[in-house]
Amino acid sequence: MSAPLPLIDVRGVSVAYGGKAMALSNIGLTVPERGIVALLGANGAGKTTLIRAVSGLLKHHHGHLTGGEISLSGTRIDGMAANRIVRLGLGQAPEGRLVFKHLTVEENLEVGASVLPRSATKERLDVVYELFPKLLERRTQQAGLMSGGEQQMLALGRALASKPKILLIDELSLGLAPLIVRAIYAQLVKVRDSLGTSMLIVEQNARLALDIADHAYVLERGQIMLSGTAAELKASDRVRELYLGAATPAVAGGRA
Amino acid sequence: MTVAQHPVIARGAVLAAGQRSIPWLRIALSILALAVLLYLPFVLQSRVLFGTRLTNMQLLNIGLAQVNLTLIAVVGALSLNFLTGCAGLVSIGHAAFFALGAMGASFAGSQLGLPFLVTLIIAALVGALAGVLAGLPSLRVRGLYFVLSTLAVHFIAAYLFSEFQYAFHDVAGVTMPDAQIGGFELSNGIRWYFFLLPIAFLAYVLFRNTLRFREGRALLAMRDNELAAAAAGIDVRILRLKAFAFSSAIAGIVGALQAYYLTTVSAEFYSLNLAIQFIAMIIIGGMGSLSGSVLGAVVWLLLPALIGGLATELKGSDLALARIIVEHKPQVVNLVFGSLVAILLIYAPDGLAGGWRRIKAWLANRPTGGAS
């Protein structure tokens with residue numbers, strides 16, 4: 001089933017940091033409209049690098065594309081500044097829930113909505129508050145004083161406030177209790193279903209990622225080793241062995 | 001309606017609730033403050049309060065000239081705090097914009113013969129232009145390296161000012177034309193006071209509103225986390241240059257006002273020490289706090305007068321402490337400021353404004369039902 005035009009199209013992308021070895025080589029990936037795509041892989045496999053390449057934040061980490069192209073709804077975005085890519089409809093919740101600690105919850109969301117026309121801000125904030133009622137409760141609280149889970153919701157809410165076509169989410173579960181993580185993901189699936197927002201997510205917990213994603217890609221040492229629908233990957237021996245901790249070590253023939 | 005609580009000046013729902021429930025108190029206090037501010041220059045001029053003659057010490061040894069210079073410094077501290085406290089760009093080159101503003105105003109006034117108010121606008125334009133140039137390194141370098149680039153800006157401006165001074169004036173310094181608005185000359189302290197007071201007030205409101213609106217909000221976001229700001233769609237490079245231009249435009253006006261008020265300024269006046277004094281003001285008052293900028297400037301300019309007055313008062317006293325104060329007045333002033341900065345850094349890192357905020361929050365939250 002090939003969609004007419006993928007929302008995100010990554011073709012043959014290679015990335016290097018500084019003058020060092022390749023962090024990514026020849027990556028190909030697509031995110032369809034209304035799709036949730038997960039990136040799996042061990043630490044250092046290049047998941048975050050791929051997210052940075054798409055979001056335009058690579059430059060802030062002294063990395064650059066050495067080949068390939070990335071487009072968003074048909075527009076080339078590789079080499080574009082992150083803030084311009086946001087305006088094209090790509091929302092991001094970067095790794096480490098980077099909320100604006102000294103601003104209140106509402107001010108954080110207003111900054112997120114600042115790419116929209118002024119008149120649309122209020123309406124958009126209401127949408128975000130409806131999705132995350134906790135944020136409405138904490139509206140006037142300083143963001144830095146909230147719990148980790150609430151800050152993560154705020155980071156997602158801020159990204160959603162820009163009314164994105166696609167949301168990039170990096171390591172949402174980092175340092176959060178599993179129950180909270182599940183609840184946030186459940187909410188994100190609702191966001192996709194109600195608003196039609198596509199998502200590209202990086203998640204350490206492969207089981208969780210494959211539960212909510214439609215498609216997934218497995219990265220290893222900067223290359224895509226496997227890809228397919230979530231169901232296919234769940235059934236794959238390699239994924240079961242390496243990422244799902246399957247209880248079938250007897251048939252593990254992959255690695256010595 | 002959104003509750004547009006200022007993120008920096010008055011944080012915390014406790015204070016906001018308190019202010020909303022008793023607006024009459026606020027209104028009354030504002031009227032009282034206005035009345036005091038309107039009556040103040042006449043008291044300082046005549047040294048008489050409601051018909052009672054005041055001694056020097058009852059006036060805290062403060063004269064109208066010091067108050068006027070304080071009003072100018074308030075605007076300068078606001079502009080530096082906007083740049084350093086709110087945008088997160090530490091600059092030790094702020095005196096450069098004072099110098100360039102004074103130079104621009106002097107050239108526009110004396111060489112081009114433009115009227116006083118127009119020269120102030122020219123000073124702002126010169127300041128803004130210099131600010132954009134000074135801000136350019138901020139696009140490439142961060143932290144200490146950026147601070148060093150502002151140091152370079154300081155010395156370049158100091159050099160330009162001295163060249164200007166010797167080209168058009170003499171060793172004594174750049175002599176400013178008379179400050180005249182229409183036919184009305186700012187010829188005495190009282191007139192200056194009533195010219196400077198609204199300017200300081202306007203500057204405060206201007207900065208406060210800027211921080212409340214989209215761009216200012218973005219500025220505070222950028223200070224908190226640059227990466228997240230970029231990820232939220234903010235063009236941090238342009239924003240930084242805008243912040244620099246705005247801050248320096250106001251600093252340019254401050255420089256011009258300073259020069260007009262002092263009538264003559266020389267290159268030596270724009271020392272690194274002047275820039276550092278303004279940094280001290282915003283540290284004492286509170287980084288990132290506009291009301292703190294005002295407090296800091298007031299303390300910095302009026303406390304030395306107070307200590308000076310104390311020294312005069314104590315003359316002839318036999319107490320050892322009194323003699324130390326009398327004989328080593330400048331050192332005592334330095335000692336007091338040094339101690340003040342040290343104490344604030346330990347107990348109230350967010351300055352006088354932050355300390356005051358915490359005292360108010362503490363009073364409001366007292367378990368023994370005080371103010372609520």
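Me: At what angle do the axes of helix 4 and helix 10 of chain B cross?
Reply: At roughly 60°, with the axes coming within 6 Å. This is a predicted model. Helix 4 covers residues 94–111 of chain B and helix 10 covers residues 236–262 of chain B.

Me: Is that crossing right-handed or left-handed?
Reply: The crossing of helix 4 and helix 10 of chain B is right-handed. The two helices are therefore oblique to each other.

Me: Which residues of helix 4 of chain B meet helix 10 of chain B?
Reply: Among them are B:Phe97, B:Phe98, B:Leu100, B:Gly101, B:Gly104 and B:Ala105. On the side of helix 10 of chain B, the residues include B:Ser248, B:Gly252, B:Ile253, B:Gly255 and B:Gln258.

Me: And how does that contact split by class?
Reply: Between helix 4 and helix 10 of chain B there are 11 nonpolar and 8 polar residues, and no charged ones.

Me: Now helix 12 and helix 14 of chain B. How do their axes cross?
Reply: Helix 12 (residues 290–314) and helix 14 (residues 329–347) of chain B cross at roughly 135°, and their axes come within 10 Å. Helix 12 and helix 14 of chain B are therefore oblique to each other, and their crossing is right-handed.

Me: What residues make up that contact?
Reply: Helix 12 of chain B brings B:Leu303, B:Pro304, B:Ile307, B:Gly308 and B:Ala311, which meet B:Lys329, B:Val332, B:Val333 and B:Val336 of helix 14 of chain B. Sorted by class, that contact has 7 nonpolar residues, 1 polar and 1 charged.

Me: Switching to the two chains. How many residues are in contact?
Reply: On chain B, 21 residues contact 26 residues of chain A.

Me: Which helix of chain B gives the largest share of that side?
Reply: Helix 8 of chain B, with 6 residues. Helix 8 (214–224) and helix 9 (226–231) of chain B each supply at least two residues of the side touching chain A. That side of chain B divides into 12 nonpolar, 4 polar and 5 charged residues.

Me: Last one, chain A. Do strand 1 and strand 2 pair in the parallel or antiparallel sense?
Reply: Antiparallel, over 6 bridges, with strand 1 of chain A at residues 8–17 and strand 2 of chain A at residues 22–31. In that pairing, A:Val15 stands opposite A:Leu24.

Me: What's in the turn?
Reply: Strand 1 and strand 2 of chain A form a hairpin with 4 residues between them. A:Gly18 in the turn has a positive phi of about 55°.

Methods. Residues are numbered from 1 along each chain as its sequence is written. Chains are lettered from A and ligands numbered from 1 in the order in which they are written. This is a predicted model: local features need pLDDT of at least 70, side-chain atom pairs count only at pLDDT 80 or more; totals for chains, interfaces and linings use all residues. Two residues are in contact if their C-beta atoms, placed from the backbone, lie within 7 Å. Ala, Val, Leu, Ile, Met, Phe, Trp, Tyr, Cys and Pro count as nonpolar, Asp, Glu, Lys and Arg as charged, and the others, Gly among them, as polar. Axes are lines fitted to C-alpha atoms, for helices over the stretch in contact, and angles run from 0 to 180 degrees between N-to-C directions. Angles under 35 degrees count as roughly parallel, over 145 as roughly antiparallel, 65 to 115 as roughly perpendicular and the rest as oblique. A crossing is left-handed if the near helix is turned anticlockwise from the far one by less than a right angle, and right-handed if clockwise. Two strands pair if DSSP finds at least two bridges between them.
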